[in-house]
Amino acid sequence: MGERKRKSVSVKSQKDSDSLSNDDGSPEYGDGKRRRKSVSHKQKPVVKEEGLLLDSNGKSLLEDEVDGHEGSDGEEDGSDEQGEAAEESDSSEDEVAPRNTVGDVPSKWYEDEKHIGYDITGKMIIKKQRQDILSSFLDTMDDSQNWSKIFDEYNDEQVELTKEERKLIRRLLKRKAPHADFDPYPAYVDWFKWADPIHPLSSAPETKRRFIPSKWEAKKVVKYVRAIRKGLIKFDKPEEELNVYLLWSDDSKKNKHLTYIPPPKLKLPGHEESYNPSLEYIPTEEEKASYELMFEEDRPKFIPTRFTSLRSIPAYENALKESFDRCLDLYLCPRVRKKRINIDPESLKPKLPSRKDLRPYPNSCYLEYKGHTGTVTTISTDCSGQWIASGSSDGSVRIWEVETGRCLHIWQFDEAIKCVAWNPLPDFSILAVAMGPDLVILNTELGTDEEQQKIKELLHLGNLPEPKASVAAIASDGIGRNSSRSYLFIATRKKVRVFNLLKAEERAKKLETGMREISSMAIHPGGDNLIVGSKEGKMCWFDMDLSSKPYKTLKNHPKDITNVAFHRWYPLFASSSEDSTGYVFHGKVYNDLNENPLIVPLEILRGHSTCSNGGGVLDCKFHPTQPWLFTAGADSVIKLYCH
C-alpha cells in the first residue's frame, strides 16, 4: 500500500513538471486568472467523475499503478483502492502550482531582472509584461469587475478574487472572525454539578500568608510612594466646576420674596361705558352744564352717550392720549424693589502706585534767586540747563547761573516784562523779551567767539515793522507748536484749535475745555497730549487720539492757575497758581493705545509768600535735563525745587 502511494506521488510530480513546460521546453503563461494544474498537449483531457480522474476513454489515470500492486495488496478490496485514489486526485486537483520556483528567495532580488525564476528544465521564466497606467485605466473602464483583481508579485500574475474571498476580506476589515459561522461568544457550559454536593471543592487548610501582611506588597507601595514624590506618577486633577450663570436670567424667580410688583389693572367698563346704556346713566342737559363749571380735575373723564347701533359709534377722541399716558406710567414708574448695595467708599478709589516708586521728582527748595525789586512775571531756561533768564514788573531782565545763583547779566527797560524765552538752538544763545508792543532780541554774550560772530551777523537785520500790542500777549500765552507732528495749537478764551501745518486744507480740530477762561497751555513732548489751565483753578488733560473732550479734569487750586508745564524727558508736569503753591504730578503716556495715561499727584510746593496785591506763583518751568522745577513768585524771588 505504501509503495502504491509513493508511485502515485511520483505521477503527480510528473504531471506538475509537464504542466510547467511544453514540448519545446518553453514556459506556458496564464490568461490573468487563477491557475489550476495545466495539462500538456500530449496528454488527453481529464474528466473528474465520481471522485476519480478519468481520461476521454473513461479509463483511470492511476489504473496502471493500481494493477502493478494488486498482488501485494490482495487482501484489500477494490472499493478501498478506488476511494484512496479518488482522495489523492482531489487534493492534487485543488493545489495551485507556484509559478516562481526560486523558493524563499525574496522577490526584490529579481526587480531588475527580466525573469522571475526557473522551470524544472532550468530555463528562465520570463516576467509577464506589465500594463501601463493608461491601459490599466481603460481596462478598468471596460471591465466592471476589474476592481476585484489583484496582482500577485510572487507568481507574476493577476488574480481575480472570488465572492467568498471578498466577503472574507470585508469581515477581516471589520475586525470580525473570518468565517461567518464562528461564534465569538459561545454559551457558557458549567462543568461542575451543583446539585446535591457532598464534599467541598477543597478541604485544604488556610495558608499562613492569608493572615500575614505581604512584604512584597509593602515594597511595591514604597516604590509607588517614591515615584509620586518624584513626580513620575501624576494624578488627574479634579475638574473645577465653572461658576457660570445666565446673564439675562430673571433674578426674581430665585428670590423667595416678590421683587417685581405688577402694575395695577385698569377698571373694567361698566354700564355707563355701554353704547346703549340705560336712561338713568345718561346725564341731562343741566348736569352737562354743571360739568362745564367744574375744575378739570373734578370733571368726569367719560360722559355716557346713547347710540342706536354699533355702526353709529364715532372714534374715541382721547384714545391716543390715554394710551400714551398709560405707556408713560409703565415706562417712567417701574414698580421694582431696588436692592441697596453696601460698598466701601475706599474700594471705589483707583489704586495708584506709591510715590516712592515714582521718584525722582522735585519736593524741596534747594536754592533762591534774589535781585528783582518787582514781581517776577516770567522765567525761561536755556537748552543746556546752565542758565536761566527772568523778567520782572520792574522792567529788568536778568540771567542767572543755575547751580550757584550768581546773576550774570542785567538789562533794564522802561516797561514791565511780559515774557522771556531762550532760543532752542544751542549754537545761538540769544534771548527774546516781550514788553508792551515791543519784541526785543538780546545777545547774552554766552558761547565761543565763533558763535558770537554768527549771532552778530544774525541780529544785523535793520529796521523791522512795529507789531501790535496783542502780538506779544498771544505769543506769550496763547500759541504752542508741536515739532514732532507739525501741529499748531491756538488757545482762545474757551477752546483750543489744532491746525495741521502739513495739510493746510484739513479743517482745524476743536478741543472743548468747558472752562470759563483759559489761562495757560502746555504740550506733551510726544505731541498727542495736552494740558490746559484755567482761571477757575481747573486743569484739563486732553488725549487727542481719544476724544476732543478732556480725558481728566483736575481741581486742585482754589485760585486761578497762572501756568502749566511738561518736563521734556521725565514723566512729570506741574502747575502754578495765585494761591502761592505749585503742584507736581506724575503723568505717564503709554505707547499702547489701549492704555490710558497715568496721572498721579505727587507734591505740593510751598514757600512763596503771599503779597498784599495778590499774585502768588506767576510762572513755573522745568529744568531741561534734571527733575528740577523753577517757580517765579510775586515776592520777587525765584525758587529752585530739587528731589
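This is a predicted model: local features need pLDDT of at least 70, side-chain atom pairs count only at pLDDT 80 or more; totals for chains, interfaces and linings use all residues.
Biologist: Good. Which helices each supply at least two residues of the lining of the second largest pocket?
Modeller: Those are helix 7, residues 285-293, and helix 8, residues 319-332. Helix 8 gives the largest share of that lining, with 7 residues.

Biologist: And how much space lies in that second largest pocket?
Modeller: About 1300 Å³. It is lined by 31 residues, and the closest to its centre are K301, F302, Y316, N318 and E322.

Biologist: How does the lining divide into nonpolar, polar and charged residues?
Modeller: The lining of the second largest pocket has 14 nonpolar residues, 13 charged ones and 4 polar ones.

Biologist: Changing topic: which residues have the most contacts inside the largest nonpolar core?
Modeller: That core has 14 residues, and the ones with the most contacts inside it are F489, V496, L511, M521, L530, V532 and F542. Two or more residues come from each of strand 16 (487-491), strand 17 (495-500), strand 19 (518-523), strand 20 (529-534) and strand 21 (538-543). The largest share, 3 residues, is from strand 19.

Biologist: Strand 19 is in a sheet too, I think. What is the strand order there?
Modeller: The order is 19-20-21-22, in an open sheet of 4 strands with antiparallel pairing. At the edges are strand 19 and strand 22 (552-555), each pairing on one side only. From one strand to the next, the twist averages 20°.

Biologist: Which residues sit across from each other?
Modeller: W541 in strand 21 stands opposite I531. On the strand 22 side, M539 has L554 as its bridge partner, and K538 has K555.

Biologist: Why is strand 21 largely enclosed by the rest of the structure?
Modeller: Because 5 of its 6 residues are buried. Buried here means under 20% relative accessible area.

Biologist: Last one: which residue takes a positive phi in the hairpin of strand 20 and strand 21?
Modeller: That's G537, with phi near 85°. The hairpin has 3 residues between the strands.

How values were computed:
Residues are numbered from 1 along each chain as its sequence is written. Side-chain values use heavy atoms; hydrogens and water are left out. On a 1 Å grid over the protein atoms alone, a cavity is a set of points where a 1.4 Å probe fits but cannot get out, and a pocket is an open set with protein on both sides within 12 Å along at least five of seven lines; lining residues have an atom within 4 Å of a point. Grid points are joined across faces, edges and corners, and a volume is the space filled by probe spheres set on the points. Ala, Val, Leu, Ile, Met, Phe, Trp, Tyr, Cys and Pro count as nonpolar, Asp, Glu, Lys and Arg as charged, and the others, Gly among them, as polar. A nonpolar core is a set of buried Ala, Val, Leu, Ile, Met, Phe, Trp, Tyr and Cys residues joined through side-chain atoms within 4.5 Å. Buried means under 20% relative accessible area, exposed over 50%, partly exposed in between (1.4 Å probe, protein chains only). Two strands pair if DSSP finds at least two bridges between them. Axes are lines fitted to C-alpha atoms, for helices over the stretch in contact, and angles run from 0 to 180 degrees between N-to-C directions.
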